[in-house]
Amino acid sequence: MKILIINGPNLNLLGSREPSIYGTMELHDLVNSIKKYGDRLGIQVQHIQSNSEGCLIDAIHNSVGLYDGIVLNAGAYSHYSYALRDAIAGINVPVIEVHITNIYNREDFRNVSVISPVCIGQISGLGIDGYKLALQYFFDRKANEHC
């Protein structure tokens with residue numbers, strides 16, 4: 001099983017960007033933690049991060065036939081990028097939306113995700129554990145296909 005982790009804008013600043021909100025773990029540490037968890041589950045985890053909407057869309061398009069699922073933290077694009085929404089809707093790869101913070105307990109503009117309706121689920125507010133829960137879901141989903 002192969003899962004693509006996509007992190008969007010400003011996630012490259014993890015550890016230094018508003019640590020009181022996002023914590024002190026840096027992106028490379030987050031990715032290493034997710035990959036180790038994936039290894040324990042027998043999941044090959046690939047990661048990309050971009051601040052560019054077009055690069056994120058390309059990664060989503062290019063996932064078809066290569067990945068069994070996508071874990072997407074689109075950052076602020078979650079709240080207004082209809083282009084990302086359409087990219088997700090246009091592929092047959094299941095996507096789980098993840099947010100480190102609880103977007104429903106923050107500024108009003110963060111309370112709406114335009115990509116949620118085309119994702120199979122959303123995990124919000126559980127820190128980096130949200131990524132691991134998404135991997136666990138894909139693992140369990142695959143295991144249940146064999147039952």
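I take buried as under 20% relative accessible area, exposed as over 50% and partly exposed as in between, with a 1.4 Å probe and protein chains only. My helices (H or I, at least four residues) and strands (E, at least two) are DSSP runs, numbered from the N terminus.

The model is predicted, so to speak of local features I need pLDDT of at least 70, and for side-chain atom pairs 80 or more, while totals for chains, interfaces and linings use all residues. Residues count from 1 along each chain as its sequence is written, and side-chain values use heavy atoms, without hydrogens and water.

**Helix H3**

I looked up H3, residues 53-62, and found Leu56, Ile57, Ala59 and Ile60 buried. Down the axis of H3 these buried residues fall within an arc of 160° (taken from the directions from the helix axis to the C-beta atoms), so they line one face of the helix. A handy reminder: an α-helix has 3.6 residues a turn, so residues three or four places apart point the same way.

Next I checked the neighbours, with contact meaning heavy atoms within 4.5 Å. The buried residues of H3 pack against strands E1 (2-7), E2 (44-49) and E3 (69-73), and against helix H4 (82-89).

**Strand E3**

Five of the five residues of E3 are buried, so this strand is largely enclosed by the rest of the structure. Gly69, Val71 and Asn73 point one way, Ile70 and Leu72 the other.

For pairing I ask for at least two DSSP bridges between two strands. E1 and E3 run parallel, joined by five bridges, and Leu4 has Ile70 as its bridge partner. E3 also pairs in the parallel sense with E4 (residues 95-99), over three bridges, where Ile70 stands opposite Val95.
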